[in-house]
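Work through the exercises below with the sequence and the structure at hand. Each task is followed by a solution in steps.

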Amino acid sequence: MAAKNKTAGTAIKKSTPEKVFTIFNYAFFTLISIIMIIPFWHVLMMSLSDVNETMKGGIFLYVKGFNVDTYSQVFKNPMIWTGFATAIGVTLIGTLGGTLLTAMMAYALSKPRLRFGKVLMVLVLFTMLFYGGTVPSYLLMKNLRLIDNRWALILPGLISAYNVIVMRSFFSSISDSFEESAKLDGANDVTIFFRIIIPLSKASIATIVLFNAVMYWNDYFSTVLYINSTDKWALQAVLRNMLTNTQQAMQQAGVNVRASSNVTAETIKAGSVVVATVPILIIYPFLQKYFVKGVMIGGVKG
Amino acid sequence: MAASKEKKPKGFNSPAVIWKDMKRDRWLYFLLLPGIVFFVIFKYMPIFGLRIAFMDYNQYAPETSTWVGMKHFVRLFTTNSFVPVLINTIKIAGLKLLIGFPFPVILALMLNEVTNMKFKKAAQTFLYLPHFVSWVIMAGIVMNLLDPTTGAITQVLSKLTGSSVNVLTDTKLFVPMLIISDVYKEVGWGTIIYFAAISGIDPQLYEAAAIDGAGKWKQCLNITLPSIKPTIIIMLIMNTGNILNAGFDQIFMLYTPTVYKVADIIDTYVFRMGIVKADYSFSTAAGMFKSIVAFILVCTVNEIAKRTDNDSIW
C-alpha cells in the first residue's frame, strides 16, 4: 500500500471502505443505465418480433422471430407521413425563429444602460410565474383566427421567459470591449449583435436551439387544443391516436390489425413508439454535449 | 463611468436625458421589439383573458358577456367535484416533490465520484435520455409494460403476487405508478443540474481538505453539499411553484375514467370542463385559482429563503 502510494505521487490514499464504495458506485451506475435503456430496447425488440410471440407478452430482450411487417403496416398510415411533415416544419420554423427572437430580446435586455430594461425584465419574469391558462390561450387563438392553422403550433412557443433569462445571463458575461471597439468603427447595435455577438455565442445558442427543438418536437397538447383536421396533426398527436385508437387508425389506412396479417394492436403500438423515438435518438448524441453547458448558464441567477 | 454607478449625474432621470438615452439605444429597442410584441400577445393577452373568470362568457357573442363577480369561484368551492381534484393535485405533486427531490442530489454526488471519464459520459447519456422523450412516447411504453395480459411488468407482478393486477385501472396502484414513472423520466435531468453545480466547485478546496486528512465522505459533507446548497434551494423554490402542476401531460396520457377519483388534477379538470364541455368561465376560474396559489407559494418560499439564507431566485 505505502509503496504504491509513493510511486503514485499525488494520489490520495484510498481506504478500504472507499474502494468498496467505488466498486459499488460503478455497479450502481451500470444498473441505472440498463434500467434507463431497457424499456426502449424492449419496445424496439417487440416491434420486430413475430406476432405469436408478442401475444404471449413478457419482456423482449432480443428479437423473437424477426420480421418487419409491423413497420410496413405502420408506414401505410398516411397520417404518420403528414405527422412527420408537420412536426418537422413546426420544429424547424419554431426553433430557428424562436431562438433568433429570444437572442435578440435577451441581448437588448443584457445591457444595463438600456432605459426601462429592468422593468421589461421583471415583466418577462412575471410570465414565468403567472400563466394565463389553457382556456384563455385557446380563446386568444380563436380570436386570432388561428384555430386549425399550423401557425397555432408555432407562435405560442416562440419565446419562453426561462430561455430569455438563460441567454441574457450569457450575454452579460461577454466583455464590453468587443462592443466598444465595434462602436468606434461606426457599427450600430444590430450589426454588432449579428456580426460579433452571435458568432461568439454559438454554444449557448445551441443550447436554446436544443431546448426549443425538443419542446416543439414533443408538443402534443397544442395539436389537441388548436388543430381539428387530422391531416394537420403533428407527429405526437398521430402517435397518440395510434396508441389509443389502434384499430380505427389503422383501418382508415386500409390495414386490418389481426394476427393473420402478422400484426396486432400491440406490435403496431410498439412500432409507432419506435418510429416516433428514433428521430430523437439520432440527434441526441450530437446535442448532448451542450446540455451541461446550457444548464450551467441557466443555473446562474437571472 | 464606474463612478456613475454610485452617484448618478444630475438630471439622470429627467425626460430629456431619458429620451436622449433611448435615442442612443434605438437599435437595441429595435432588437427588443418583436420580443415585446410576442410577450404582449401570447403571454399578457391570456392573462388579460382571465377576466372571463368573473363573467358569464358567451362564446357566440363575447361582447354580450355579463360580469358576475366571484360567482364562478364560489361555484368552484361549492361544487363537489373541485375539492377532490384539488386534494388529488396536492397529493400527487407533493409526493412527486417529496420522493423525486432527493434522488437527483444523491445521484449527482455519486456521479461526481466516478473518475473514469468515458464511463461517466456513457452513464450521463443514458440517465438523461428519458427526459428528452415526450410523455406520449413514455405513456406508450408504460402502457406496453403494464398491459393487463402481455405487459412485461404485469407478468412479473402476477408471478410475485399470484394474482393478476391492472395497474392502470387500479385506484390504489395508479398514483404510485405516476410517481415512479415521473421519477424515472426526470431523475436524470435533475441530476445534470446538480452535477453542473458540483463541477463548478473550486478543486483547490478538495485538495486542501485532503491534505488536512478529510476523507471523501467528509469532503462531500463539508465542501460539496454546502457548495451546491444555493442550487438545491433554487430548485426547491421552482418546484414549490409547481405544487399545483401535478403533471398534465403524464396524467392526461395515462388516466381513464376508472381512476379519475384518484388521478384527476386541476389541469385535466380544466381541460375537460373548459375545452371539452366548453364551460369557459368556470374552468378559467379553476385555472386562475391555480395560477394565483402557485404565484403566492413561489413568492413566499422565495422570501423565506431570502430571509434565512440569502438564496433566492430574484
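**Exercise 1.** Determine how the axes of helix α5 (residues 82-100) and helix α10 (residues 174-199) of chain B are placed relative to each other.

Solution. The model is predicted: local features need pLDDT of at least 70, side-chain atom pairs count only at pLDDT 80 or more, and totals for chains, interfaces and linings use all residues. Residues are numbered from 1 along each chain as its sequence is written, while chains are lettered from A and ligands numbered from 1 in the order in which they are written.

Step 1. Take helices as DSSP runs of H or I with at least four residues, and strands as runs of E with at least two, numbered from the N terminus.

Step 2. Angles under 35 degrees count as roughly parallel, over 145 as roughly antiparallel, 65 to 115 as roughly perpendicular and the rest as oblique. α5(B) and α10(B) are therefore oblique to each other.

Step 3. Contact requires C-beta atoms, placed from the backbone, within 7 Å. On α5(B), B:Ile92, B:Leu95, B:Lys96, B:Ile99 and B:Gly100 take part; on α10(B), their counterparts are B:Val175, B:Leu178, B:Ile179, B:Asp182, B:Val183 and B:Glu186. Sorted by class, this contact has seven nonpolar, one polar and three charged residues. Here Ala, Val, Leu, Ile, Met, Phe, Trp, Tyr, Cys and Pro are nonpolar, Asp, Glu, Lys and Arg charged, and the others, Gly among them, polar.

**Exercise 2.** Is B:Leu127 buried or exposed, and which residues does B:Leu127 touch?

Solution. Step 1. B:Leu127 sits in helix α7 (residues 117-128) of chain B.

Step 1. A residue is buried if 20 or more other C-beta atoms lie within 10 Å of its own, exposed if 12 or fewer, and partly exposed in between. B:Leu127 has 24 other C-beta atoms within 10 Å, so B:Leu127 is buried.

Step 2. Leaving out residues up to four places away in sequence, B:Leu127 touches A:Ile32, A:Met36, B:Gly188 and B:Thr191. B:Thr191 is 64 residues from B:Leu127 in sequence, yet their C-alpha atoms are 8.5 Å apart.

**Exercise 3.** Describe the contact of chain A with chain B.

Solution. Step 1. Count the residues: 74 of chain A are in contact with 73 of chain B.

Step 1. On the side of chain A that touches chain B, helix α16 (residues 265-299) of chain A gives the most, with 14 residues.

Step 2. By class, that side of chain A has 48 nonpolar, 18 polar and eight charged residues.

Definitions and conventions
Contact = placed C-beta atoms within 7 Å. Axes fitted to C-alpha atoms, helices over the stretch in contact; angles between N-to-C directions.
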